[in-house]
Amino acid sequence: MHGDPTEPPRSAAADASSGRQRFQWFRDMRTWIHARPHVHLFYKVLVGIVGGLIVVIGLILVPLPGPGWLVVFVGLTVLASEFHFFHRIITWLRAKLHRFWDWAKHHAPSKRMRAAADKGKADVDAAHAEAHRNVGVQRPRGQTARTGH
């Protein structure tokens, strides 16, 4: 932990450079929250409200010019951080986006459009992996998921 006096001090540059350590404080906080049932319930309700609000705002923005669908996907990612149902939705959407990028690459009339399809597919993978890495909480060994979680 960061408050351990036997641990050598780390610089901000070292933390930023290592992807694994970048959000360690967030993982530590979530582990602390998950270990306390009442705090966890409050946190889960809070994540549900904030994520749902982001999704609703995104859906309102869809017909308007701007990043409406992006806001919806961000809201789903927030919800997926605590609710497995939304994690399955995000995984399903990722598979559909992969199919779309494969189709676009196959039917693209130019080399530039095929390269854009490859980049889009890579961007979807990178965003999914980064979101999963940043919001996932590792359970201690030997512990199983709680019912309804």
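Biologist: Where does His 98 lie?
Modeller: His 98 is in helix α5, residues 84–107. A helix is a DSSP run of H or I with at least four residues, a strand is a run of E with at least two, and both are numbered from the N terminus. This is a predicted model, in which local features need pLDDT of at least 70 and side-chain atom pairs count only at pLDDT 80 or more, while totals for chains, interfaces and linings use all residues. Residues are numbered from 1 along each chain as its sequence is written, and side-chain values use heavy atoms, with hydrogens and water left out.

Biologist: Why does His 98 count as buried?
Modeller: Buried means under 20% relative accessible area, exposed means over 50%, and partly exposed is in between (1.4 Å probe, protein chains only). His 98 has 16% relative accessibility, so it counts as buried.

Biologist: Which residues is His 98 in contact with, leaving aside its neighbours within four places in sequence?
Modeller: Lys 121 and Asp 125. Contact means heavy atoms within 4.5 Å.

Biologist: How many helices and strands does the chain have?
Modeller: There are six helices and zero strands. From the N terminus on, the order is therefore written α-α-α-α-α-α. Of the 149 residues in the chain, 20% are buried.

Biologist: What puts the buried residues of α2 on the same side?
Modeller: Helix α2 covers residues 24–34, and its buried residues are Phe 26, Arg 27, Arg 30, Ile 33 and His 34. They cover an arc of only 120° around the axis, and therefore lie on the same side of α2. The arc is taken from the directions that run from the helix axis to the C-beta atoms.

Biologist: Why are α2 and α3 called oblique to each other?
Modeller: Two packed helices are described by the angle between their axes and the distance between the axes. The axes of α2 and α3 come within 7 Å and cross at roughly 120°. Axes are lines fitted to C-alpha atoms, for helices over the stretch in contact, and angles run from 0 to 180 degrees between N-to-C directions. Under 35 degrees counts as roughly parallel, over 145 as roughly antiparallel, 65 to 115 as roughly perpendicular, and the rest as oblique. The angle of α2 and α3 falls in the rest, so the two are oblique. Phe 26, Arg 30, Trp 32, Ile 33 and His 34 of α2 make the contact with Val 39, His 40 and Tyr 43 of α3.

Biologist: What makes α3 and α4 roughly antiparallel?
Modeller: Helix α3 (residues 37–61) and helix α4 (residues 68–80) have axes that come within 7 Å and cross at roughly 165°. That angle is over the antiparallel cut-off, and therefore α3 and α4 are roughly antiparallel to each other. Among the residues that meet are Val 47, Gly 51 and Val 55 in α3, and Val 71, Gly 75 and Leu 79 in α4.

Biologist: How do you know that Val 47 is buried?
Modeller: Val 47 is found in helix α3. Its relative accessible area is 9%, so by the cut-off above Val 47 is buried. The C-alpha atoms of Val 47 and Leu 79 are 6.5 Å apart, although 32 residues separate them along the chain. Leaving aside neighbours within four places in sequence, Val 47 is in contact with residues including Val 78, Leu 79 and Phe 83.

Biologist: What makes Phe 83 and Phe 86 an aromatic pair that is edge-to-face?
Modeller: Rings of Phe, Tyr and Trp (its six-membered ring) pair if their centres lie within 6.5 Å, and planes under 30 degrees apart count as stacked, over 60 as edge-to-face and the rest as tilted. The count by this rule is five aromatic pairs. Phe 83 and Phe 86 are 6.2 Å centre to centre with 80° between the planes, and form an edge-to-face pair. Phe 85 and Phe 86, at 5.3 Å and 75°, are also edge-to-face. Phe 83, Phe 85 and Phe 86 form one aromatic cluster.

Biologist: Why does Phe 83 count as partly exposed?
Modeller: Phe 83 has 23% relative accessibility, so it counts as partly exposed. Phe 86, with a relative accessible area of 22%, is partly exposed, and so is Phe 85 with 48%.
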